[in-house]
Amino acid sequence: MIEINIVDATVEDVRFPTSLHADGSDAMHTDPDYSCAYVTLKTDKGLEGYGLTFTLGRGTEIVVQACESMLRLVKGCNAGWIFKNFATFWRNLTSESQLRWLGPEKGVMHLATAAIVNALWDLWARIENKPVWKLLTDLTPEELVSTIDFRYITDVLTKEEAISLLKEKANGKALREEVLRKSGYPAYTTQVGWLGYSDERVKELCKKFLNLGFTSFKAKVGQNLEDDTRRCRLIRECIGYECKLMLDANQVWDVPEAVTWVKKLAKFKPTWIEEPTSPDDILGHAEIARELRPFGIGVATGEMCANRVMFKQLLQSRAIDYCQIDSARIGGVNEILSVYLMAEKFKVPVCPHAGGVGLCEMVQHLQMWDFVSLSGTMDARVIEFVDQQHEHFESPVEIQTASYMPPTVPGYSTKIKQSALQDFKYPHGKEWQRMFKEGIVENSMNKTQRIQDASSF
């Protein structure tokens, strides 16, 4: 057992003012400030682990409070015991007898779970002096499966089946790792597709990313059909039909509306429609998928999928053609591994959601493990890339010829630079104080303080 104890844990509210330039804007989220709840685990050996969960600004303080409520379950623990009994620890974390009522295993509490669990995996990888993707690939099938809580999914996937899936791909792992290190993992860009961008901005970005070697592009849709038609036509004129175009509605439609709307955009040959309706509507996604498959359009979702149970049902009902895990929406690496394994059993390709603060940094590790150890292929698989906030990380993603290059620095690529924390910790960071003073953004500190004071009664 690793003799390292977690002696302290902190969480910080970190926000970036992306709404000022419409970065990240879509049909549902029109003014996002890309943000995160940022967890730091400190040990008695000087090593630290860093984890986060992605948010859109307002409400991050709620996730921070949820993390603080859960971190007492981590402080004082032996890290070696956690990693040796990770599935048990994960269940203890998500099944705390009173906090569980606030989920269970969904919403704010699960976002907090992800931040803490991601920090633990970062710590484990730093202890082993490996990037997380390499830590995962080096685990034996039995060791990897031991980190997963199989409660609620054994009707679809058992521990024995999971071990078997991993053992089937044992041959060729070294060769696939060599391919990965040489060529990287293919990426697609959403940077051209934000709804708040002007036509000129879209054209500039299409040209930029084509020149960088990108062949897959995603556009946000769902506010206005006429505008969607115009913007899809504009992007196709820029990228041609030899490149892939994906569409993302961010949950704005009812089921019949989604089918009708996307059929009218079918002439632009989209590869998939992402989040066409409520993320909780399993049968609605299944109906949309049935209606659109004859047009060669797949359904993709998962960015807002609450837990492994919902993914299980999406896969069981053939409601998705592309499985989109998110590194912070469900309960961190452990639960995500179970989704990858179920997707492999159902032969549905995983194409992670990314782009938010730290999401690109994290999901690259997961997708690279999948290629080396589980699916053994990159066919129909691609990682989302959005070109923002990477400069705030000590080990940002490296993109070469439209591909993610495998990280070499130990950890989960989640450590934020101290300078970024000083500037963008909310609301007292230097940049936020400057923007409040200059009237660039609204100073909501007094309102926040009043809410905090009221909650103490």
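Biologist: With which hand does helix 14 pass helix 15?

Modeller: The crossing of helix 14 over helix 15 is right-handed. A crossing is right-handed if the near helix is turned clockwise from the far one by less than a right angle, and left-handed if it is turned anticlockwise. The helices (H or I, at least four residues) and strands (E, at least two) are DSSP runs, numbered from the N terminus. This is a predicted model, in which local features need pLDDT of at least 70 and side-chain atom pairs count only at pLDDT 80 or more, while totals for chains, interfaces and linings use all residues. Residues are numbered from 1 along each chain as its sequence is written, and side-chain values use heavy atoms, with hydrogens and water left out.

Biologist: At what angle do the axes of helix 14 and helix 15 cross?

Modeller: Two packed helices are described by the angle between their axes and the distance between the axes. The axes of helix 14 (332-346) and helix 15 (359-374) cross at roughly 45 degrees and come within 11 Å. Helix 14 is therefore oblique to helix 15. Axes are lines fitted to C-alpha atoms, for helices over the stretch in contact, and angles run from 0 to 180 degrees between N-to-C directions. Angles under 35 degrees count as roughly parallel, over 145 as roughly antiparallel, 65 to 115 as roughly perpendicular and the rest as oblique.

Biologist: Which residues of helix 14 meet helix 15?

Modeller: From helix 14, V333, I336, L337, Y340, L341 and E344 meet L366, Q367, W369, D370 and L374 of helix 15; contact means heavy atoms within 4.5 Å. By class, this contact has 8 nonpolar, 1 polar and 2 charged residues. Ala, Val, Leu, Ile, Met, Phe, Trp, Tyr, Cys and Pro count as nonpolar, Asp, Glu, Lys and Arg as charged, and the others, Gly among them, as polar.

Biologist: How do helix 3 and helix 4 pack, and at what angle?

Modeller: The axes of helix 3 (86-94) and helix 4 (107-128) are 11 Å apart and meet at an angle of about 150 degrees. That angle makes helix 3 roughly antiparallel to helix 4. Their crossing is right-handed. Helix 3 contributes F86, F89, W90, L93 and T94 to the contact, and helix 4 contributes H110, T113, I116, V117, L120, W121 and W124. The classes here are 9 nonpolar, 3 polar and no charged residues.

Biologist: Which residues of helix 8 are buried?

Modeller: An α-helix has 3.6 residues a turn, so residues three or four places apart point the same way. In helix 8 (residues 173-183), the buried residues are R176, E177 and L180. They lie on the same side of helix 8, because they cover an arc of only 100 degrees around the axis; the arc is that of the directions from the helix axis to the C-beta atoms. Buried means under 20% relative accessible area, exposed over 50%, and partly exposed in between (1.4 Å probe, protein chains only). The face turned away from the buried side carries the exposed A174, L175, E178 and K182. Among the elements covering the buried residues are helix 5 (132-138), strand 4 (185-189) and helix 15.

Biologist: What are the buried residues of helix 7?

Modeller: In helix 7 (residues 159-168) they are A162, I163, L165 and L166. Their arc of only 155 degrees puts them on the same side of helix 7. They pack against helix 6 (141-145), helix 14 and helix 15, whereas E160 and E168 are exposed on the face turned away.

Biologist: Which residues does a cis peptide bond join, with omega about -15 degrees?

Modeller: That bond joins G103 and P104, and P104 belongs to the loop between helix 3 and helix 4. The bond from Y426 to P427 is also cis, with omega near 0 degrees. P427 is in the loop between helix 16 (418-424) and helix 17 (430-438).
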